[in-house]
Amino acid sequence: MAQLIVKKAEVPVPLVPPGSNIIPLQPSPIKDILTTLPKRYLIYKEECQGTCPPGTDKELFPIKTITYNSNHITMRFAVEELRRLYRNSGVELKVQKTNQDRNQHSDTIFIMLEEKYQSSPYYQSPLSLKKEGFAIIEQGSNIYIVGKEERSVLYGVYHLCEKKLGYSWVHLNEHKGIHQDKASACIQHPQFSRRGNIIETIDDPIYINRLIDWGAKNGLNEFFFTFFLWNKVKKYIENDLVKRSMHVTLGGHSLSFLLDNNKNQATHFLKDPNSQETVIKRIHEICSTSPVVTRVSLWPEDVGIQQDDYAAFMPAYIRFTEKLKSSLKDLQVEVEHIVYNAGLEWNMLERNEDTEASGKVDVLYAYWGRNYSNSIHSGREEQSRATDSLLDWRKETAAKQRAFTVLEYYSDHFMLSELFPPLFQRIKQDIEDYQKQGVDGVLNLIVPCHVKLYSSDIPKEYPWKWVQHFNNYMYAGSSWGKDYEELVDSYFSPLEEKKDFYRILMLDIEKILSPHTFWNVPLFPARVVDPEKVIGVGERDNIIDYLNGVIDFLEKRTPAISQEIMDLQTKDNYASFTQEEMLLIYFDYVKKAVRKCKQEWQGVQTHGLQ
């Protein structure tokens, strides 16, 4: 669709709205244009009467008013956001609250829930929105943003502003492009019922609040915190979560915290009824003071279990979570248990004959040690075993009508290391595979880069938040159900004529870097970047050959960045650079990390051991 923009000129060029039968006139004074075009099509800067920011171009703005009819905090926030985003585009919209106003309005955006729309004078045909879905209806000179719930109305606001005003939500910093005036009419609903980030240790409220804001703009509905991190950051982030009606899950590896850092009690927790009662009471107290908490997902300590405990462990753990669920009934908080291979222990991931899926609590599935160069159906022995476990738990939870969610590590800088690969293709295929298997939700874990005690300060400035974000962006959009090509195009479009070059390059880097995750299992608990922790040299030659191939590729294919730019760069100032500069900075860090890793595998310990 053509962009309807009045270009700067002494005598403006007349505009013709899409689909109009008006014949364009020759350039004429603006008063003639205003008499030629239907008034509803445009509001010029001159008509704003000083309410538009200085320097705003004359552009087409059909909307003058926002109308809403709810006091809910998220509905009010949706109105605030819509008004703010239009204001930043040069138009100050009026706001009016109405209760079943029967008067006809024009040039208005109506914000309402589906149930209100169905009974309103504006209703024309049933919507039948699915959970968390929204509809945008363009009717004459009016637009209706209709949501199944309050948060889905907010999703609709951001979608409208993206299509009509040219906003982009790719990065944490909001980007305002040119006015698109694209057709925004649609009905959308998410592909998965749970879509969110798991944050275990990132004690950075400013960054978390930016993630929350970005998450709402990209269709996320949940943030998962450990109990000990929530205790630190709650007072700084809770309001932003409430305004967006975000779900909050508390849990993770928090037993020691809930037991006042008694690690011995935490290790033997399932054999100690008194410890269980202490934990249940503590969790109830925390949840009762945080209404935003909607789920508890408490995990055992991150260590493997003894062989003598194999048969009894999972049934005992499930019974505890069921008891916890019963205690939280008055708070309407859901509970799930995790199945995962802590310490690469299969007996904590696979369901044995003594274990039945619960009919009361949900399941979170997490397979650590995946080779991210392969799909979950690759057929490799360990991946095949893990996938069989996933399918078994999915079948059992479906039979008990319980939810089944997968935890992925797309933004985990420990698992993926500083040789961090883009995973565009992998995320695309994973989401398709999980949808086919009937998975209810997919969560993405964010873990900072593990900085070793090198003599150089360079790794400390590695911009891991920006780097992990290209995977988190693809994950968020894919879990909602957005088209892969649309997501990739949105990511690279700011690079303009260079976008195809960088798109091909990043997809090739995914192919060359992701195979290093193969070594996470044979080297466990070390990774390919931890040769100083590896006992024996069985994989040494294979790893060096692999690193030589990576170095050769990166040196031939990736552009270099100037030292002047690198001198300015710090860990958190990524907003100060263009997207191309940040990609070049990322390439530079990866090249340095690969060279250093190779040196250490060759026995040249230039930085010493950790």
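A residue is taken as buried when its relative accessible area is under 20%, and in this predicted model C597 falls into that class because its relative accessible area is 2%. C287 is likewise buried, with a value of 4%. A search of the whole structure returned 0 disulfides.

The largest nonpolar core comprises 172 residues, and those making the most contacts inside it are I111, F225, W230, L241, I283, V296 and Y586. Helix α18, which spans residues 579–601, supplies the largest share of this core, namely 12 residues. In soluble globular proteins, nonpolar side chains tend to be buried together. The surroundings of W230 were examined in turn: leaving aside residues up to four places away in sequence, W230 touches F225, I237, E238, L241, V248, L250, I286, S290, V292 and V293.

The model also contains an open sheet of 6 strands, arranged in the order β2-β1-β3-β5-β4-β8 with mixed pairing. Its edges are formed by β2 (94–97) and β8 (186–188), each of which pairs on one side only, and neighbouring strands of the sheet are turned against each other by 15° on average, direction ignored. Within this sheet, β4 (residues 134–139) and β5 (residues 142–147) pair in the antiparallel sense over 6 bridges, with F134 standing opposite G147 of β5. Helix α2 (residues 73–88) lies across β1 (65–68), β2 and β3 (108–113), and runs at about 155° to β3.

Conventions
Residues numbered from 1 in each chain as written. Predicted model: local features only at pLDDT ≥ 70, side-chain atom pairs only at ≥ 80, totals over all residues. Heavy atoms only, no water. Disulfide = S-S within 2.5 Å. Buried < 20%, exposed > 50% of the residue type's maximum accessible area, 1.4 Å probe, protein only. Core = buried A, V, L, I, M, F, W, Y, C linked by side-chain atoms within 4.5 Å. Helix = DSSP H or I, 4+ residues; strand = E, 2+ residues; numbered from the N terminus. Contact = heavy atoms within 4.5 Å. Pairing = 2+ DSSP bridges. Axes fitted to C-alpha atoms, helices over the stretch in contact; angles between N-to-C directions.
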